[in-house]
Amino acid sequence: MSGTRAFLVRRLAALLVVTALAVSTLLAAYYGVSRNSAAVTDRSTPAILQVAAATETLRGSYREAEGSLNGSTTDVEGLGENYRTRLSTAGQSLAQAVKSTTGGEPARRSLLTVAGLVSSYSDIIEQAYVNRDNANLRAAYLSYARTMLERSDGDILGRLRAVQARQLHVLEEQTSFGWLLSCAWLLVPVLFLTLAGLLGHTQYFLRHHFRRLVNPWLATATALLVAVVPLAVFTYQTQGRLESARTTLSADDIGSDSGGTAKEVADTMRDTHWRAGAVDWIPLGGTALAALIVAGLQPRIDEYRFQPR
């Protein structure tokens, strides 16, 4: 009899240890993927799109300025409303990008430098307009403005490309299924299958030693293990949507329609948020699982607490 009690005590300890390991690994593996859905939607997407929009509108501003200064209506229309709108939009995008960049402090400093360079770029374009009647000076100022924009070391668009590269690197980390997550998700089925095997063997042992067909507590605990399947499916779906969002945000032309791109990413990631909320149920499920195991085995252990002298 004492051997039976010792076996049950050891089995209870083993079940609780494996439960703790399995649930902890599942929590880490699930959270490792689901937490990135909010980061991609709320941080990386606007940060990347703001820099892309600034890049596109600055390119467009030069095209508009050059067209206006070389056109026949410059004296009447000036630099044109389109130029000023694009320059204003670029300034607004840069201001937002400084606040929300995901590239860290170096990226923020670079964006502040770009904002100052854009102001100088605007002044040079204005000088080209002031000297519009002197073809040589006008051309010289336009050439200088274009060099500042995209043809020199430390030019405006080059700095923006560097910032965007840092932000895309962060996005890559947020959306990649790295080796740590791969290892965690390889361990999850191993641990849960081990737990299922222990529970099955324990019920078989109890059936033969206590003459009871089913232990309802352990049977319920075994059934609860099936919950890992939908969580694995949710993870697969979330990872797929993260990779789709990364592909969208890595396209070269996102700055020309940043609003449409933002909507596309939001539509892609929409269903991931409620899946991410399932992470809160994992500790609760683990607690319930442990409680069911204790409820199933402790009464059997107590039957052997007092041994005859």
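Buried means under 20% relative accessible area, exposed means over 50%, and partly exposed is anything in between (1.4 Å probe, protein chains only). These views show a predicted model, where local features need pLDDT of at least 70, side-chain atom pairs count only at pLDDT 80 or more, and totals for chains, interfaces and linings use all residues. Numbering starts from 1 along each chain as its sequence is written, and side-chain values use heavy atoms, with hydrogens and water left out.

View A. Val-229 sits in helix α9 (residues 228-249); helices are DSSP runs of H or I, at least four residues, numbered from the N terminus. It counts as partly exposed because its relative accessibility is 48%.

**View B. Leu-171, tucked into helix α6.** Look for Leu-171 in α6, which covers residues 156-175. With 0% relative accessibility, Leu-171 counts as buried. Leaving out residues up to four places away in sequence, Leu-171 touches Val-40, Ser-44, Ile-48, Arg-246 and Leu-249; contact here means heavy atoms within 4.5 Å. Leu-69 is another story: its C-alpha is 40 Å from that of Leu-171, and the two are 102 residues apart in sequence.

View C. Beyond its neighbours within four places in sequence, Tyr-30 contacts residues including Trp-185, Phe-234 and Ile-282.

Notes
Helix = DSSP H or I, 4+ residues; strand = E, 2+ residues; numbered from the N terminus.
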